[in-house]
Amino acid sequence: MSRGTGAGYDRHITIFSPEGRLYQVEYAFKAVKAAGVTSIGVRGKDSVCVVTQKKVPDKLLDQTSVTHLFPITKYLGLLATGMTADARSLVSQARNEAAEFRFKWGYEMPVDVLSKWIADKAQVYTQHAYMRPLGVASMVLGIDEEKGPQLFKCDPAGHFFGHKATSAGLKEQEAINFLEKKMKNDPAFSYDETVQTAISALQSVLQEDFKATEIEVGVVTEKDPVFIVLSTEEIDEHLTAISERD
Amino acid sequence: MGDSQYSFSLTTFSPSGKLVQIEHALQAVGSGQTSLGIKAANGVVVATEKKLPSILVDETSVQKIQLMTPNIGVVYSGMGPDSRVLVRKSRKQAQQYFRLYKEPIPITQLVRETAAVMQEFTQSGGVRPFGVSLLIAGYDDNGPQLYQVDPSGSYFSWKASAMGKNVSNAKTFLEKRYTEDMELEDAIHTAILTLKEGFEGQISGKNIEIGIIGADRKFRVLSSSEIDDYLAEVE
């Protein structure tokens, strides 16, 4: 019976459509793209790097307050692509969760545990009608004590995977195609190669050369497993290296 | 359970007496990756396709077959995130049983409690049914057992079963190949052959997962090299 859903609310809240799909979750994915920003993450041999566009829509805005890169703890970073307000809510809860973990169990929350927590929260919003899914795709990065550099991506549907490289946002698919070619033979990138692969992937996919103020870069390295946001000078060094290489 | 603003069920009867949300949930299961289970005379094997969205995904970070207790494992077809919720709740229930009775929970009881959770979500306010069917496999005092639980919360014990995209071909294949006195090793080979039937692309230890439990009552997931060995035997 085509009327069976009861006035067709399957597009308004997270209940099943006749084909077994959740339209609200699919629309949340579209909201991630609608932000108009693309992000890239690359995992190297002993480091992880994430890059995103820094779009400041108004010259009067304080540029330093526009960011999508959030430290969750000293050692874990999160790059949020999509709706900024949803991202801040998620980051706030993640920070709380990571701090409680450290207090309760006496060691730092590992990357995959935080990613699972974020993904499980996202799943709750896909099953309970009272909350809509968040329009955010999160990339979580850090150095795991046992497994080394880790990069996880969590999406509005509640899926989460570890990645060798990944992308989210407007040009997600193009970026993934680019990265698949680069990572095909399981290269073990050094720190500089990791950062430069991520930045050049973004440049290639958006077909423009960036100034250091137009992108944000976050890294963690095994040598110093602290989540660091690169300064404009450091980004410039990498941009110069890339343009000299080409 | 039930969300206060939504004190009414979202799953309601249609005029013909059907619960349409559950039917839609079964559609979601039917579009999921194929998985199957076979009960042998001395153990149970479960297997599933593990097709990842890109070669960039680190396949070692994903494990579809999960343990609920040391002697009970589970595989799903359908929406991965939903299965995580059920695994988490079932693990807790199994642990609560153990704390009370100082004995591992019998498989039938764990299945019943898992199914009860799934049924709750078809009747409580403000929630949708789970978009997964589960195959629960284990070995306890009643021997090897295999149960399938559906989004409605109904469950049955199976000698062999399949779910997901390729369910009808897989079940036909299993019906032909199944024998009551199968040994676990034969069941593993049959499971691989069944998956191979409907598999698109090159099958390998990296894009399928197999979990087994024998009379040792220890459920374990095979490593990808072990799977490759079995694949070579089956060629």
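Predicted model: local features only at pLDDT ≥ 70, side-chain atom pairs only at ≥ 80, totals over all residues.
1. Interface. Chain A places 37 residues in contact with 37 residues of chain B. The two chains bury about 3000 Å² between them, and 60% of that area is on carbon and sulfur atoms. On the chain A side, the residues that lose the most area to chain B are A:Phe16, A:Gln127 and A:Phe161, which together make up 23% of what that side buries.

2. UniProt, in an unreviewed entry, lists residues 9–31 of chain A as "domain: Proteasome alpha-type subunits". In the model, residues 9–31 of chain A are 39% helix and 0% strand, with the end C-alpha atoms 19 Å apart.

3. Residues 6–28 of chain B are 39% helix and 0% strand, and their end C-alpha atoms lie 24 Å apart.

4. Helices α2 and α3 of chain B. Helix α2(B), residues 80–101, packs on helix α3(B), residues 107–123, at an angle of about 135 degrees, and the axes are 10 Å apart. The angle therefore makes α2(B) oblique to α3(B). Their crossing is right-handed. From α2(B) the contact takes B:Leu86, B:Lys89, B:Ser90, B:Gln93, B:Ala94 and B:Tyr97; from α3(B) it takes B:Gln109, B:Leu110, B:Glu113, B:Thr114, B:Val117, B:Met118 and B:Phe121. By class, the residues of this contact are 7 nonpolar, 4 polar and 2 charged.

5. Helices α4 and α5 of chain B. The axes of α4(B), residues 167–177, and α5(B), residues 184–197, come within 9 Å and cross at roughly 150 degrees. This crossing too is right-handed. On the α4(B) side the contact residues are B:Ala170, B:Phe173, B:Leu174 and B:Arg177, and they meet B:Thr190, B:Leu193, B:Thr194 and B:Glu197 of α5(B). The contact of α4(B) with α5(B) comprises 4 nonpolar, 2 polar and 2 charged residues.

6. Helices α5 and α6 of chain B. Helix α5(B) also pairs with α6(B), residues 224–234: the axes come within 10 Å and cross at roughly 85 degrees. The two helices are roughly perpendicular because of this angle. B:Glu185, B:Ile188, B:His189, B:Ile192 and B:Leu193 of α5(B) form the contact with B:Tyr230, B:Leu231, B:Glu233 and B:Val234 of α6(B). Sorted by class, the contact of α5(B) with α6(B) has 6 nonpolar, 1 polar and 2 charged residues.

Notes:
Residues numbered from 1 in each chain as written. Chains lettered and ligands numbered in written order. Heavy atoms only, no water. Axes fitted to C-alpha atoms, helices over the stretch in contact; angles between N-to-C directions. Helix = DSSP H or I, 4+ residues; strand = E, 2+ residues; numbered from the N terminus. Parallel < 35°, antiparallel > 145°, perpendicular 65-115°, else oblique. Left-handed = near helix turned anticlockwise from the far one by under 90°. Contact = heavy atoms within 4.5 Å. Nonpolar A, V, L, I, M, F, W, Y, C, P; charged D, E, K, R; others polar. UniProt positions renumbered as here; feature names shortened; annotations may be inferred. Buried area = accessible area lost by both parts, 1.4 Å probe.
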